Each structure stands twice: as C-alpha cells, then as structure tokens.
Amino acid sequence: MTKISAVPAGVAVDSPYPAGNWQLLPQARVTPLPEGKRGFLHKVILWMSRRQGKSKEDMTVISTLLRLGPLAPRYLLFVSNLLFKGGISRQDKERVILRVAWRTGSVYEWAHHVALGLDAGLSREEIDSFGQDDSPLWTPRTRAFVQAIDELHVRQSLGEEKWRELALFLSEDLCVEFLVLVGHYVMAATMLNTLGVRLEPEFSIGKLPPPVSR
C-alpha cells in the first residue's frame, strides 16, 4: 500500500492506494504553461481553483490545461458545474469518480478525489472499497453505479440488464448526467495518465503497489 498525504480540499488525508493498474510516467510529457506565458485570465483561473480546492499551491492539472488557450476557461467552467452542480449528489459523484479513477489507474485523479470524497462526507472505509471488486459497504444504489462503470469500462456501452439496474435509481435525465460524468472522468484520466501530470507538493507519494490484471 502507498501512503498519500494531501489537503487539497482542506481535509487531512492518509489514504493507501488499493491494488490496481496505476499509471504513472517517470516524468511529465507536457509541463504546465510557463508563468511567463500566463495572462491575467490565467492567474484568475488559478486563484479560483486554489480557493475552491482550499489549496496553497496551483493545481498542476489546471496549470497544464491552461495550454488549451481560449478553450481553457470554458472547459474548466463545465468541469466545475459538472462536479458541484446537477442532480446527482456530491457523495454519489465522488463514488463514481473514485471508481473511474481506480479502473483507469489514474494516480492524480484518485489522490485528489480521496480528499474530495472525505470533504463530501464519505468514510475512509467506503473510499477504500472503490478499489475492490465488491464490498458489503455498498448500498444497492452504489453497487448499481459501480457495476455500470465497470461495464462501461469494458464495453463503452451498457447492456440491457445494467441499464435497467441503473434506471431503478436514476431518472432518464440523471442517467444522462451519470454517463456524462463517467465519460468526462475517463477522458480526464486518459489525459492525466498520458501527459504524466504530476501531483502537487502537498501530496507525498511512495511506491505504488504492483500491477494486477484487470
């Protein structure tokens, strides 16, 4: 198990990585936008992200995404609304994102959403459970979410059985939101893993557990 110490959401965290296929490049392929190229809007975005994350340091993912240019503020506004607005509760969103982070092996996504999950009121035990195949801690609703994510991870679609199970707990509108949430954080994990986005100094990372077959 690997220890993480992080306080990006104002919560003291000491969380192990569960066994999984974690993706972590030896170094970043693309670094954050250099400070000399950051304009006033970039600085405002970074300040807002520090405030929202209750962090003293710029989030590496945000400073890297500034390379999107004019698209950056529009994309980040979408992400903020997806995470903090909408009809799915914050706790359920963190459950979904943690499962996606584990399935995609995203070290960065997992580390940040351990802290955000605690901030949203999830217990440490439940957070750890999203790195398991099954858990007695899961309610039928949570299990339906996890199984839907797992099937989406394999098939990029849901069969009729898993769709019906998901629809027991979510309206049609919320099923759409669920799929957008899962799809976005799979995309984010792909970007984080491929670019090798580094965790901030607030995170202390040790050796990852050996990979397992998934």
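Q: What do buried, exposed and partly exposed mean here?
A: Buried means under 20% relative accessible area, exposed means over 50%, and partly exposed is in between, with a 1.4 Å probe and protein chains only. This is a predicted model, in which local features need pLDDT of at least 70 and side-chain atom pairs count only at pLDDT 80 or more, whereas totals for chains, interfaces and linings use all residues. Residues are numbered from 1 along each chain as its sequence is written, and side-chain values use heavy atoms, with hydrogens and water left out.
Q: OK, how many aromatic pairs does the structure hold?
A: There are three, where rings of Phe, Tyr and Trp (its six-membered ring) pair if their centres lie within 6.5 Å, and planes under 30 degrees apart count as stacked, over 60 as edge-to-face and the rest as tilted. One of them joins W22 and W110 edge-to-face, at 5.7 Å centre to centre and 65 degrees between the planes.
Q: Which parts does the pair of W22 and W110 tie together?
A: W22 lies in the loop between β2 (13-16) and α1 (40-53), and W110 in helix α5 (residues 107-120), so the pair links parts 88 residues apart in sequence. Helices (H or I, at least four residues) and strands (E, at least two) are DSSP runs, numbered from the N terminus.
Q: Is W22 buried or exposed?
A: W22 counts as buried because its relative accessibility is 10%, and W110 is buried too, at 0%.
Q: Switching topic, which residue has a positive phi although it is not a glycine?
A: That is Q156, with a phi of about 60 degrees, and its place is in the loop between α7 (140-155) and α8 (160-167). Q156 counts as exposed, at 61% relative accessibility.
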